[in-house]
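This briefing concerns how the chains of an assembly are arranged and packed. Please consult the sequence and the structure shown below while reading.

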Number of protein chains: 4
Amino acid sequence: MGCTATATNRAEELLLAFRETRRFTEKLASPLEPEDCVIQSMPDVSPTRWHMAHTTWFFETFLLRDAIPGYVPHDPAYSVLFNSYYNGVGEQFPRDQRGFLSRPTVRQVLEYRRAVNEQVEDLLLRGDKLPDSLLDVVEIGINHEQQHQELIVTDIKHVLSCNPLLPAYDAALLPRPESPAPRGWTEFEGGVHEIGHEGGSFAFDNEGPRHKVYLEDFSLRNSPVTNREYSEFVADGGYRDPRHWLSAGWSWVKQAGLERPLYWRRHEGKMREFTLGGLADICGSDLPLCHVSYFEADAYARWAGARLPTEAEWETAALPAPLLGNFADVGRLHPGGSGSAASPTRMFGDVWEWTQSAYDAYPGYSAPSGALGEYNGKFMCGQFVLRGGSCATPAGHIRRTYRNFFPPDARWQFSGIRLAKQLG
Amino acid sequence: MGCTATATNRAEELLLAFRETRRFTEKLASPLEPEDCVIQSMPDVSPTRWHMAHTTWFFETFLLRDAIPGYVPHDPAYSVLFNSYYNGVGEQFPRDQRGFLSRPTVRQVLEYRRAVNEQVEDLLLRGDKLPDSLLDVVEIGINHEQQHQELIVTDIKHVLSCNPLLPAYDAALLPRPESPAPRGWTEFEGGVHEIGHEGGSFAFDNEGPRHKVYLEDFSLRNSPVTNREYSEFVADGGYRDPRHWLSAGWSWVKQAGLERPLYWRRHEGKMREFTLGGLADICGSDLPLCHVSYFEADAYARWAGARLPTEAEWETAALPAPLLGNFADVGRLHPGGSGSAASPTRMFGDVWEWTQSAYDAYPGYSAPSGALGEYNGKFMCGQFVLRGGSCATPAGHIRRTYRNFFPPDARWQFSGIRLAKQLG
Amino acid sequence: MGCTATATNRAEELLLAFRETRRFTEKLASPLEPEDCVIQSMPDVSPTRWHMAHTTWFFETFLLRDAIPGYVPHDPAYSVLFNSYYNGVGEQFPRDQRGFLSRPTVRQVLEYRRAVNEQVEDLLLRGDKLPDSLLDVVEIGINHEQQHQELIVTDIKHVLSCNPLLPAYDAALLPRPESPAPRGWTEFEGGVHEIGHEGGSFAFDNEGPRHKVYLEDFSLRNSPVTNREYSEFVADGGYRDPRHWLSAGWSWVKQAGLERPLYWRRHEGKMREFTLGGLADICGSDLPLCHVSYFEADAYARWAGARLPTEAEWETAALPAPLLGNFADVGRLHPGGSGSAASPTRMFGDVWEWTQSAYDAYPGYSAPSGALGEYNGKFMCGQFVLRGGSCATPAGHIRRTYRNFFPPDARWQFSGIRLAKQLG
Amino acid sequence: MGCTATATNRAEELLLAFRETRRFTEKLASPLEPEDCVIQSMPDVSPTRWHMAHTTWFFETFLLRDAIPGYVPHDPAYSVLFNSYYNGVGEQFPRDQRGFLSRPTVRQVLEYRRAVNEQVEDLLLRGDKLPDSLLDVVEIGINHEQQHQELIVTDIKHVLSCNPLLPAYDAALLPRPESPAPRGWTEFEGGVHEIGHEGGSFAFDNEGPRHKVYLEDFSLRNSPVTNREYSEFVADGGYRDPRHWLSAGWSWVKQAGLERPLYWRRHEGKMREFTLGGLADICGSDLPLCHVSYFEADAYARWAGARLPTEAEWETAALPAPLLGNFADVGRLHPGGSGSAASPTRMFGDVWEWTQSAYDAYPGYSAPSGALGEYNGKFMCGQFVLRGGSCATPAGHIRRTYRNFFPPDARWQFSGIRLAKQLG
């Protein structure tokens, strides 16, 4: 009885979260023209329309097809078209050709969303009959869609940045200067610590199992590196001196002819930064630096006589920090601002912080079986862990144990730098 | 006086042609959704929106800027954004990134067109003051836009073909079977002939000067190769036997794993063809074959014991043929149909016919000076001449002396095969 | 006094090691024709001649130029030609063009070696005057040359394998079948362990500092995976099922069309293996599997219901194992044979064992300053650690703490698989 | 009877020519080290050893296998290894991997040559029994080997040029300055001319049939463009101004960052040129320019207010010129010198002269049947004709009707520029 009651409550909670999440996706897309929603400006970027359809495909494929006997798909062709990488589910439309598709149109995708929403909500309203395994799918589907909400923001930023007209996503978002955050360091004691998710509530598989690690004493900077600080590295010839860089990083810098973070550009004699609010001034900015790769983060840290934290250090240090910050719900979609101030050490929100830890399996980890098992485990190679969430991460999505991961040359996410040091 | 009168008449004629041409461009785009108009499915393809803007940029850059003192550009950024390849005019936005641009939107491009149209029409209405050199620019601008009308059709066909949903451009255009054209051969006498444009009316620079050539006796097939005929080549293993192919053609076939013309695909056990009307049946079709490359045309001819005509042969043979055929104005946008019957030997319209002639300069040719001189001469390398126009060519655009040209692996145009033979 | 005596002894010891090492390099090259010594069959491979010259360049650049006032280089052009990747030392000849160089010839390189040997030996003979820092360079130079000895073996194996004639390096080395090694598992207790080099004798910088790690209980297989065992994975469709593979591994398999380990090939209906002794039979072989990538090792382990060990587990388990095995000095240059039997758990020699640990910095690590600091630290990205040495590793070169590292798709080294399992 | 006598004489003549040709190949290779003979510095280049073996393979495959019943190949693996591009004969070892082969060694290839020579000579000595069709194969084999003699020279020049040591092929060949050739122009009358080979003696299939062409009046410069003249184009910014270049040529210049002919390089403040004799001074040189591509030749001609000749013009103009010049037999292996003076208009020898004619089939041409039919016809696409032979062409190999051909970006042959102009 209590169990059923709980199940109902869980279904109700999920229904609210589902509605909220689905609405937020469409809110993020609302400032865009239909033409904006089909562009793929590089293989890593997906068109807005694709994100809106793929997150819907997820509920249709993993929930509706299982939960509704004789389910008739909204459009059978969508099952290939909007599969991202689930080999277990079947064929996928090639990732780097998502920008070749103009149909279904934005309007048709919104209809697809409405049709699937209706059926998911129907299922959740008769919640007492839905098994826990399907409620789990709803929960993972909501978290999955939140991840794509962040990608909608970062991908459209990249799309718009490729246009010489530099159109703003929303001109009201142009960031303004603000006073610098405190620069001090905090020390942390080593020894055997525990990290990882302990279960009992939702988390991605890669966050567990909770396990012991041995740490040396270390210290962390109290706030992320700012544009002003990084400008000194640039001015000091940081991009021209191989001694600061990993070998692969130096090849990357030379081959691509890089001289600065992704969205910085010299414009009429001044260094400026493309933001979702348009081209902004960055001279002397005390906002947190964003859009740097692991290679840049690592080189900067070496130049600054420090290093990046390991993810175990980061998680240990984040334990006392309140889970507050400048997340996507604030609506700023750029680091800095009063949202940051909510978090004294600024460990959450603003920018994802590169750690020096390669993304791998925790001791005792094994991927869940079934198609959803492809979610995390198969990417454990060649990527680095980032922690803390960014100004484009939905607030309800982040956890202290949350492990984001990207290859070392990726920088179209809101990724920044937290410095660490060995003690003694 | 008479001269002024003529100038006025010429300006009036050009005004009518200008309006008609500008309207036809928009008519061709009218069945499309905004999302369709921004896609670039391969580097050769440009988005519909780009074609609509670039043809407008042409009038703005080469006419309005020269004709109107203190001309204020519609948007200064457009001058780079919509320059195709005119080094003389300045920088160009990279050709293979035209699909990264969502702005200006379709609506904004239509406004751009309207604004420029108005000013061009104003100029032409006060025709008595406009120097001949500027009227020439209007005429070349009209012909330039007609070329892009053909590209709008062929490019959107390619874009839609990349979508697994295989959306039709206009479902009413689905082609229907028809009875075969006569298959005979016509003989032509050799000796010294004259080819090329003799001046006195509009032609592209590369069509002249008119000059003598020496031809041997030859014969031409009375109609283009059909789908049915080409199917025999495919069934005979034509794509698997290197002996039929040029060395470069064989590398192309093997590397791309080709087995058939561009838009043919096996679907539910039958060979079908993607058309602007959707997926059509081609089993046993007597319509002219289209969308083959020079390599395929050459291999087919060798397999059939024949060869492709030279462009001098083609032009000589086309002399008596009426300049009628299945052109874009017919609105069929696919080879065949009653439009073809208008031309007994079907030398005009339906499909561009590959010749074995490399695209080069006629004796005495020199490129015009100025930016417009970049129009044709600089492409005289690595391309082959095609003749006769296609079902996507505006009727008023073609001439007997017209030289179209494409690289030997291009096949997204409506390109087909006319066979030739040596006599004696 | 004692100190001087020690220094002399160290110089004497180094002199013997230097002579021995330099001789062994030439012995490894002795079965080759001059033509063999200039080939670069892929960017990772360097020509034998290049290895012989580069190891000599190392002593010339880091020792002779510093130790001999007014030192006149053997040939000034060699300083660019034979620099591998030391940005601190100056320009480098492009790595992927080492196979474009026919000069200096093998004979000239041997002269270069002789000339440098003489001067190094002179220096070491007057040992009482040589500062410790230069003796350190001699020691690192010897270890550096030992690394290239292994590469001489693996690189020439790759070169010869590209030739359809499949020439043997030395036909006497054709491996013979032998009886299987014991297959059991050994359990190890977790808790806080110490790993890494503790100093006091030669080690590469990346092996330290010694530090604590926390391990869960685990078990290791007593011997590496054999050809016979891996054949079952191949026969079970291991290379065709994406569920076994990391995402990047599956892309690698598909793109390269892989079906088996690097040197396996189907020949006259039987699976065979190219070895330095020529083409050998592998049907039913109980020799350790070699020439698999990290991707293959990881996929095999998943298929087998196990996992790869971490490097901390490996080092902990290797603690009691004697540092004996089938190393290059045995002269077999292929896994297996009586050399392996010397080591009960076969943890040393035979094949490098892939660990699941990404190659990174130990806590407190910092790269040494100067050009030699480029040796290890700058490669800490995108690579995985291998442990234990192989049949191509000089016996004196290996240590329990030794960390070899390669990208996950590399498989031209003698790399194999040790399985691990979580306990409880 | 007379017929038999002739056949015998023909066999005797061919025997002498065969011996002479085979010897000359080995003479060209004689200054090289074994290491030089295996390098492939770009896909177009083949190792010397490969040329020596491939020309031998030609006689073995097309002559010995047909002429000797039960012929046992020297080594069965060679039939794939040394097949260049004859699909009719079977599989080919990939062209761009010829530099991965160290075996057979130079010594083994020389043995292969000796073994095949012996059998060919035996066949020719019993000449009265050999059918004409096989004598034809000997003749084409000799001509084929002469083509590879030229490639041995040009390919090893490229190989040595990639080495920073800039080793000379033969230091005695360093060219010296000389006085300029006369610069005048000669006029030629147009009308119907005949070009092409008329049969009756050896020629490649692509040189015929002889046929009529119609030419306008034209004039040709009396000598090829010199280094001094071309230096003015370079100094005038010729490589930085797109107006001089074909569109494809300009892309090529920009992408490769080109600034000068292939072997020119700035060295200690002066412009120098790598030659087979080593690095030579070219400041103010009046020697014919060499190692330019079609793109460079065409751009230079446009800059100079002229154009390149068509091949029909070239052949018509060359009719009265004696077939003498600086060919490979002179042993200079560089343009200029007294050899050039032998030919008043310098139309033969020194440098191949680019024509503006795309390489295509003459009217009535059809490729011979059988494997040897692959010799010329299948390359008739994307290449331009060069005429006249060079300092690396064997004297006995050239004809007035000889058509050499290369893609427009090739420049590692001794290719230069002859200017033409339209008259009137």
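Through which surface do the copies, chain B and chain A, meet? In this predicted model, 100% of the interface residues of chain B are also interface residues in chain A, so the two copies meet through the same surface. Chain B is superposed on chain A by a rotation of 180° with 0.0 Å of shift along the axis, which is the relation of a two-fold axis.

**Symmetry of chains A and B**

- The superposition of chain B on chain A has an RMSD of 0.0 Å.
- Within chain B, the C-alpha of B:Glu35 is the nearest to the axis, at 2.5 Å from it.

**Interface of chains A and B**

- The contact involves 28 residues of chain B and 28 residues of chain A.
- Between them, chain B and chain A bury about 2,500 Å², of which 64% is on carbon and sulfur atoms.
- Of the area that chain B buries against chain A, 29% comes from B:Glu35, B:Phe100 and B:Arg103, more than from any other three residues.
- The interface of chain B and chain A holds 2 salt bridges and 8 residue pairs in polar contact, counted where both residues have pLDDT 80 or more.
- A salt bridge joins the side chains of B:Arg103 and A:Asp36, with an N to O distance of 2.6 Å.
- On the side of chain B that touches chain A, at least two residues each are supplied by helix H3 (78-81), helix H4 (106-125) and helix H5 (132-161) of chain B.

**Chain pairs without contact**

- Chain A and chain D are joined by no contact, and their closest C-alpha atoms lie 14 Å apart.
- Chain B and chain C likewise have no contact, with their closest C-alpha atoms 14 Å apart.

**Nonpolar cores**

- In soluble globular proteins, nonpolar side chains tend to be buried together.
- The largest nonpolar core comprises 247 residues, and those with the most contacts inside it are C:Tyr230, C:Ile417, D:Leu124, D:Tyr230 and D:Ile417.
- Helix H5 (residues 132-161) of chain D contributes the most to this core, with 12 residues.
- Beyond its neighbours within four places in sequence, D:Ile417 is in contact with D:Pro224, D:Val225, D:Tyr230, D:Leu289, D:Val292, D:Glu296, D:Ala297, D:Tyr300 and D:Leu308.
- Another core, of 246 residues, lies apart from the largest one and includes A:Tyr300, A:Leu308, A:Trp352 and B:Leu134.

Terms used. Residues are numbered from 1 along each chain as its sequence is written. Chains are lettered from A and ligands numbered from 1 in the order in which they are written. This is a predicted model: local features need pLDDT of at least 70, side-chain atom pairs count only at pLDDT 80 or more; totals for chains, interfaces and linings use all residues. Side-chain values use heavy atoms; hydrogens and water are left out. Copies are superposed by least squares on the C-alpha atoms of residues with pLDDT of at least 70 in both. Contact means heavy atoms within 4.5 Å. A nonpolar core is a set of buried Ala, Val, Leu, Ile, Met, Phe, Trp, Tyr and Cys residues joined through side-chain atoms within 4.5 Å. Buried means under 20% relative accessible area, exposed over 50%, partly exposed in between (1.4 Å probe, protein chains only). Helices (H or I, at least four residues) and strands (E, at least two) are DSSP runs, numbered from the N terminus. Buried area is the accessible area (1.4 Å probe) that two parts lose on being put together, summed over both. A salt bridge is a side-chain nitrogen of Lys or Arg within 4 Å of a carboxyl oxygen of Asp or Glu. A polar contact is a pair of N or O atoms within 3.5 Å; within protein, one must be able to donate a hydrogen and the other to accept it, and residues adjacent in sequence count only if both atoms are side-chain atoms.
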